[in-house]
Amino acid sequence: MSVFSHPDFDDHEEVSFLREPEFGLFGIIAVHSTARGPALGGCRMFPYTSEADALKDVLRLSRGMTYKAALMDVPLGGGKSVVIGDPHTDKTRELLLAMGERIERLGGRYIVGEDIGTNPYDMAILGQRTRAVSCRRPEDGGYGDPAPMTALGALQAIKAGMAHARGSDALKGAIVAIQGVGNVGRNLGRLLRQEGAELVICDTHRPNADAAREELQARTVDPEEIYSVEAEVFAPCAVGGTLNMDTIPRLRARVVAGAANNQLADPDCGRALAKRGIVYLPDYVANGGGLISCAAEWYRTDPARIEPDVRAIRSTCEQILAEAVEQGLTTAEAADRIAQNRVAEARTARELLPATLG
């Protein structure tokens, strides 16, 4: 199957395949859209079972970044990169330097940040080979780890969902099931505990689960059990595609909102959630806080503006919920429509620009 006929190819502007075996680098960079600005998106390192899985992930993730940037109303487009490998055993300085060189060849059309399997330390190494890097540590000239802002945005989505489902955003005593307690999931757990929520957690990486259980005073369950936990909120904060036709019928939560990307296995899953009366806040809205932080770093805007902009994610969620009701759409469909319209407007304006200048 060619890239152009791939079911997740969505008029992507550019897809680059990376193969540098001498450095252990096997990966893909996908630039979905630069209509609103350069395409920003994290570098994910993950032990994909096949190249086909890696391609599917990078195509979906890059499109999601375009939509996320549009809904966060930042002057950026959407892109993503994936490196095939286990970050715990396969990540080396040489691999990261080689990745940085490949990113630099794109001439600033793609800006890299952290994602699953990478971190601000890795961004510092990438930054030795490319200027197109964000999500860096303050000592490296950045604004720091975006994970706390990603978590704060997810909390706003959870509150908007609770208010819509129950008429109150109060979380004291509410049970929240968090799927994945890595950097973002752990930060979200801290915020939820401050709100008085009770946590049930899981993680496929046992050390993450053990550390989070102790810090967050949470109850742990096996990864397959998390769907069946009786909770007010189910918060996916791990890999994508976990909400599918097998897991959705098992959910006992009233609200789904979390920081994972591509939570729905396919569009039908959004309709399945709506049919069950579960309030779903689309992933690329709920996890937009990290993008806001990285965008501020890239454009060197006042870091004091980041937190207020992230808290405004709640109003974006409320807009999506309202439009879904008014137009008879799922929340995923409503969010897609808003994002697509904004990207189309930017593309039209860009196409008209040469004629205006002439």
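## Cavities and pockets

How many cavities of 30 Å³ or more does the count come to? The count comes to one. Here a cavity is a set of points, on a 1 Å grid over the protein atoms alone, where a 1.4 Å probe fits but cannot get out. The largest cavity has a volume of about 40 Å³, a volume being the space filled by probe spheres set on the points, with grid points joined across faces, edges and corners. Its lining is made up of Leu61, Gly64, Met65, Lys68, Asn261, Asn262, Asp283 and Tyr284, where a lining residue has an atom within 4 Å of a point. H1 and H8 are the elements that give two or more residues to this lining, and H1 gives the most, with four. Helices (H or I, at least four residues) and strands (E, at least two) are DSSP runs, numbered from the N terminus.

Before going on, a word on what you're looking at: this is a predicted model, where local features need pLDDT of at least 70 and side-chain atom pairs count only at pLDDT 80 or more, while totals for chains, interfaces and linings use all residues. Residues are numbered from 1 along each chain as its sequence is written, and side-chain values use heavy atoms, with hydrogens and water left out.

Now for the pockets. A pocket is an open set of grid points with protein on both sides within 12 Å along at least five of seven lines. The second largest pocket has a volume of about 460 Å³. It's lined by 22 residues, and Arg60, Arg63, Pro267, Tyr284 and Asp336 are the ones nearest its centre. Four helices each supply at least two residues of that lining: H1 (51–72), H7 (267–275), H8 (283–286) and H12 (331–357).

## The disulfide and other cysteines

A disulfide is a covalent bond between the sulfur atoms of two cysteines. The cut-off used here is a pair of cysteine sulfur atoms within 2.5 Å, and by that rule the count comes to one. The partners are cysteine 135 and cysteine 294, with 2.1 Å from S to S. The link between cysteine 135 and cysteine 294 is right-handed, with 105° about the S-S bond. Cysteine 135 sits in the loop between helix H3 (120–126) and helix H4 (147–166), while cysteine 294 belongs to helix H9 (residues 289–299), so the pair ties together parts that are 159 residues apart in sequence.

Are these two cysteines buried or exposed? Cysteine 135 counts as buried at 2% relative accessibility, and cysteine 294 counts as buried at 4%. Buried means under 20% relative accessible area, exposed over 50%, and partly exposed in between (1.4 Å probe, protein chains only).

Cysteine 202 is buried too, with a relative accessible area of 3%. Its closest cysteine sulfur is in cysteine 237, 9.9 Å away, which is too far for a bond. Cysteine 269 is in no disulfide either, and the nearest cysteine sulfur, in cysteine 202, is 18 Å away. Cysteine 269 is buried, at 0% relative accessible area.

## Salt bridges

Side chains of opposite charge can pair when their charged atoms come close. A salt bridge here is a side-chain nitrogen of Lys or Arg within 4 Å of a carboxyl oxygen of Asp or Glu, and a search of the whole structure turns up 27. One of them pairs lysine 159 with glutamate 195, with the closest N and O atoms 3.1 Å apart. Lysine 159 is in helix H4 and glutamate 195 is in the loop between helix H5 (183–194) and strand E7 (198–202), so this pair ties together parts 36 residues apart in sequence. Lysine 159 counts as buried at 16% relative accessibility, whereas glutamate 195 is partly exposed at 29%.

Another salt bridge joins arginine 252 and glutamate 230 (3.0 Å, N to O). Arginine 252 lies in the loop between strand E9 (233–236) and strand E10 (255–256), and glutamate 230 in the loop between strand E8 (219–220) and E9, 22 residues apart. Arginine 252 is partly exposed at 47% relative accessibility, while glutamate 230 is exposed at 54%.

## A buried glutamate

Glutamate 114 lies in strand E5 (residues 110–114). This glutamate is buried but has no salt bridge, and the nearest side chain of opposite charge, lysine 91, is 9.1 Å away. For charge, Lys and Arg count as positive and Asp and Glu as negative, with His and the chain ends not counted. Leaving aside neighbours within four places in sequence, the residues in contact with glutamate 114 include Cys43, Met123, Cys135 and Asn183, contact meaning heavy atoms within 4.5 Å.
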